[in-house]
Amino acid sequence: YGLVQQTSNQWYFGEQAGIEFTNGPIAILDANQQDALEGCATVSDVNGDLLFYTNGATVWNRDHDVMENGNAIGGQQRSAQNSLIMPFANDETIFYIFTTERVNGDDEYALRYSIVDMKEDAARGKVIVKNNKLMDNSTERVTGSGFTGNDLIMAHEFGNNMFRGYQTGPDGLSGAIFSPVGEVHEFMNELSATGYMKISPTLNQIADNIQGTNEVEILNFDQ
């Protein structure tokens, strides 16, 4: 943190909790307005100044007010990884928010995305597109390859062993990239759809845990 880009220097999470890594010792932040029961996401600019944060259902701006058009963006608070913020490939003022739903009962379990334009509302940002569905029968897992300018978003289908990837680029999101590998996330077992997934900082491995099995998969990854 604090060396080149500082986009991850502020974290807003939990029940109105927050910490900052920008200057010296970790600072406690107390302006957070969200109650994040499970997943959440925060993004700052390259200088470490807050842009916005979300619990997957609502988006708050840098002033800790609900962002314009920032309600009901498609995720659910009780999903493990309910939100992922990623930048557009060619515009650092526009961001995707990818959201997942809690796997429980008869919901669609959809992976969706919304788009935030930080040029709107006097640079406080506005959700200009929201609740766009990418797939049904998604687990609660979603991860990305980082702020590389050519990012890959990874999700996992519920009921099989299929990873789905979506590349960001100058023309928007690519079509789905399918990779069948690893353990089956069994459709009849809701626990297999919860948990977390992460791409390594070196971008050559991906890991996910499968609840109820005490297992963590570590798979080779080629972006």
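1. Ground rules. This is a predicted model, in which local features need pLDDT of at least 70 and side-chain atom pairs count only at pLDDT 80 or more, while totals for chains, interfaces and linings use all residues. Residues are numbered from 1 along each chain as its sequence is written, and side-chain values use heavy atoms, with hydrogens and water left out.

2. The four-stranded sheet. Strands β7-β8-β9-β10 form, in that order, an open sheet with antiparallel pairing; strands are DSSP runs (E, at least two residues) numbered from the N terminus, and two of them pair if DSSP finds at least two bridges between them. The edges are taken by β7 (83–88) and β10 (126–135), each with a single partner strand, so one side of each has no neighbour in the sheet. From one strand to the next the twist averages 25 degrees, the axes being lines fitted to C-alpha atoms and the angles running from 0 to 180 degrees between N-to-C directions.

3. A closer look at β7. This strand runs antiparallel to β8 (residues 91–99), and six bridges join the two. L84 stands opposite F98 in β8.

4. The largest pocket. Which residues lie nearest the centre of the largest pocket? They are S8, T42, L84, I85 and K198, out of a lining of 32 residues. The space inside is about 950 Å³. Here a pocket is an open set of points on a 1 Å grid over the protein atoms alone, where a 1.4 Å probe fits, with protein on both sides within 12 Å along at least five of seven lines; lining residues have an atom within 4 Å of a point. The volume is the space filled by probe spheres set on the points, which are joined across faces, edges and corners.

5. What the lining is made of. At least two lining residues come from each of β1 (10–13), β4 (41–44), β7, β11 (138–144) and β16 (197–199). By type, 18 of the lining residues are nonpolar, 13 polar and one charged; Asp, Glu, Lys and Arg count as charged, Ala, Val, Leu, Ile, Met, Phe, Trp, Tyr, Cys and Pro as nonpolar, and the others, Gly among them, as polar.

6. T42 and its sheet. T42 lies in strand β4 and is buried, with a relative accessible area of 17% (buried means under 20%, with a 1.4 Å probe and protein chains only). Its side chain reaches the backbone nitrogen of Y12 at 3.0 Å. An open antiparallel sheet of three strands has the order β4-β5-β6. Because β4 and β6 (59–61) stand at its edges, each with a single partner strand, one side of each is left without a neighbour in the sheet. Neighbouring strands of this sheet are turned by 15 degrees against each other on average, direction ignored. Between β5 (residues 50–54) and β6 there are three bridges, and F52 stands opposite N61.

7. The hairpins around β17. β16 and β17 (residues 205–210) form a hairpin with five residues between the strands, where L203 takes a positive phi near 65 degrees. The hairpin of β17 and β18 has four residues between them, and G212 in the turn has a positive phi of about 90 degrees. D208 is worth a look: it stands opposite M197 and has E217 in β18 as a bridge partner. On β17 the covered face holds I206, D208 and I210, and the uncovered face Q205, A207 and N209.

How values were computed. Buried < 20%, exposed > 50% of the residue type's maximum accessible area, 1.4 Å probe, protein only. Polar contact = N/O pair within 3.5 Å; in protein donor to acceptor, adjacent residues only side chain to side chain.
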